[in-house]
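The report is meant to be read beside the coordinates.

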Amino acid sequence: PASTTLLPRGGLSVGGVSLAAVAERYDTPVYVLDEGEVRERCRTYRDAFPDADVLYAAKAFLCRAMVRWVREEGLGLDVCSAGELELAVTAGFPPERITLHGNAKSPRDIETALRLGVGRIVIDSPSEIPRIAAAVGPRGRQRVMVRVVPGVSAGGHEKIRTGTEEQKFGLSLTDGSAQHAIARILGQPQLELTGLHCHIGSQVTSVKSYEVALRRMVGLMARVRDGHGIALPELDMGGGHGIAYRPGEPALDLTALARKLRTGLAESCAAAGLPVPRLSVEPGRAIAGPAGVALYRVLAVKRTGERLFVAVDGGMSDNPRPALYGVRYAPRLVGRGSSAAPRTATVVGRHCEAGDVLAADVPLPGDVHPGDLLAVPVAGAYQLSMASGYNLVGRPPLVAVHEGTTRLLVRRETLADFRNRDIGG
Ligand code: LLP
């Protein structure tokens with residue numbers, strides 16, 4: 001992508017700004033987000049899916065500027081908590097273009113969704129049906145969808161596969177629980193069932209998995225028509241579109257996905273004698289991921305036995321993904337050139353556990369030393385949004401870069417922030 005343009009002399013530039021300059025100005029560790037790249041990715045989705053709704057999955061990363069960019073680019077929003085929802089609406093996102101997800105919605109989630117007028121709530125378990133209906137009250141009506149398990153296993157890691165009965169999300173197609181929930185919803189005057197939803201997994205690279213899921217979802221829509229005499233007007237196929245984290249890795253082919261979903265939907269609806277429902281997709285990672293870069297300063301270099309450890313000033317508290325999913329990144333030296341021969345290094349964080357490894361066995365120049373800057377590309381999704389307070393290191397700031405300028409969007413977490421929350425003692 002444009003955001004990883006290599007500059008001469010070993011520097012790396014994002015959004016027209018050198019990463020070394022960002023580190024100098026904002027200190028490290030720091031996350032950099034390229035506004036132009038986010039917007040371009042939103043436009044690529046809009047162009048690929050002209051007749052569908054594209055909802056950005058806020059869980060990948062959300063801040064108020066991101067809310068504005070996504071809104072200006074014409075996308076909707078997928079949220080999974082009252083927190084994400086309130087942030088989006090208070091930042092000016094139209095609530096009717098938001099869908100609320102969650103396998104265990106709290107009373108506050110439901111209350112906030114109804115109070116703010118969220119567009120759709122996706123029902124994930126039977127017990128939610130009377131809860132939401134009661135919260136809507138006798139005169140109201142809320143649009144809802146049903147999350148269905150299509151029985152397709154896909155995704156980059158066991159922990160992010162959500163299409164089969166072995167995991168907690170959704171209602172089964174095969175044991176009748178999806179059909180049962182649909183019948184119950186249709187009997188609730190406070191709920192308006194607009195359609196079905198599925199999300200087969202995340203970091204999916206095969207278009208085929210979506211096609212299979214799509215046909216099963218249309219099959220269920222046909223059964224709903226046969227059993228209840230209604231054609232549901234909407235079908236949400238979720239997100240999960242895989243991206244490359246390292247050069248040469250496969251990514252999901254978006255154009256192929258869009259084409260297959262469109263033709264697959266038209267064909268299977270025609271075969272079932274159903275009108276074609278309005279399609280939606282919910283990409284998170286594919287919009288935010290490649291637009292972000294994490295920048296760290298090397299604090300220590302150590303040779304033990306055969307290994308070269310390069311320790312940086314962040315780690316698993318700002319990026320738990322290598323430890324959680326075994327994801328491999330390709331960190332690179334920035335800010336200076338080096339003609340030293342590459343060595344195999346293990347880039348580790350500063351946290352007090354041995355599993356705090358950011359990138360094992362990656363090539364770095366042999367003269368890497370404390371004070372050097374390392375950039376980890378493709379850091380815009382599920383890193384800052386999953387950051388923790390572990391070891392009271394503090395979560396890094398987020399700096400937006402755009403057309404040669406920088407803007408601090410989220411400031412660094414400080415000891416004062418921790419102290420403010422710690423009200424005992
Ligand atoms: N829609 C629903 C209902 C979802 O649950 C998710 C992600 C998405 C859309 C967006 O998926 P995406 O396009 O971003 O892959 N923390 C993990 C990923 C967890 C994804 C959870 N749900 C990671 O770092 O890989």
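The sections below take up the domains, the ligand shell, one annotated lysine and the nonpolar core of this predicted model.

## Domain arrangement

The protein chain is divided into domain 1, which comprises residues 2–32 together with 289–421, and domain 2, which comprises residues 35–287. Their C-alpha centres lie 33 Å apart, and 25 residues of domain 1 are in contact with 22 residues of domain 2.

On the domain 1 side of this contact, the elements that give two or more residues are helix 11, strand 19 (398–402) and strand 20 (405–410), with strand 19 supplying the largest share, three residues. By class, this side of domain 1 has 16 nonpolar, seven polar and two charged residues.

## Surroundings of the ligand

The ligand is surrounded by 21 residues, of which the closest are Ala 57, Ser 202, Gly 239, Gly 284 and Tyr 382. The elements that give two or more residues to this shell are helix 10 (285–288) and helix 11 (321–325). Sorted by class, the shell has seven nonpolar, nine polar and five charged residues.

Because domain 1 and domain 2 both give residues to the shell, the ligand lies between them.

## The annotated lysine

An unreviewed UniProt entry carries the annotation "modified residue: N6-(pyridoxal phosphate)lysine", which covers Lys 59. In the model, Lys 59 lies in the loop between strand 4 (53–57) and helix 3 (64–72).

Is Lys 59 buried or exposed? Lys 59 is buried, because 22 other C-beta atoms lie within 10 Å, where 20 or more are required for that label. Not counting residues up to four places away in sequence, Lys 59 touches Cys 80, Gly 284 and Ser 385; Gly 284 is also listed among the residues closest to the ligand.

## The largest nonpolar core

The largest nonpolar core has 122 residues, and those that touch the most other members are Leu 19, Val 32, Val 146, Val 148, Leu 196, Met 217 and Leu 295. Helix 8 (residues 207–228) provides the largest share of this core, nine residues, while domain 1 and domain 2 each contribute at least three residues. In soluble globular proteins, nonpolar side chains tend to be buried together.

Leaving aside its neighbours within four places in sequence, Leu 295 is in contact with Leu 19, Val 22, Ala 23, Thr 28, Pro 29, Val 30, Val 32, Leu 373 and Ala 375.

Definitions and conventions. Residues numbered from 1 in each chain as written. Predicted model: local features only at pLDDT ≥ 70, side-chain atom pairs only at ≥ 80, totals over all residues. Near = placed C-beta within 6 Å. Helix = DSSP H or I, 4+ residues; strand = E, 2+ residues; numbered from the N terminus. Nonpolar A, V, L, I, M, F, W, Y, C, P; charged D, E, K, R; others polar. Domains from an automatic or database assignment. Contact = placed C-beta atoms within 7 Å. Core = buried A, V, L, I, M, F, W, Y, C linked by C-beta atoms within 7 Å. Buried ≥ 20, exposed ≤ 12 C-beta atoms within 10 Å, placed from the backbone. UniProt positions renumbered as here; feature names shortened; annotations may be inferred.
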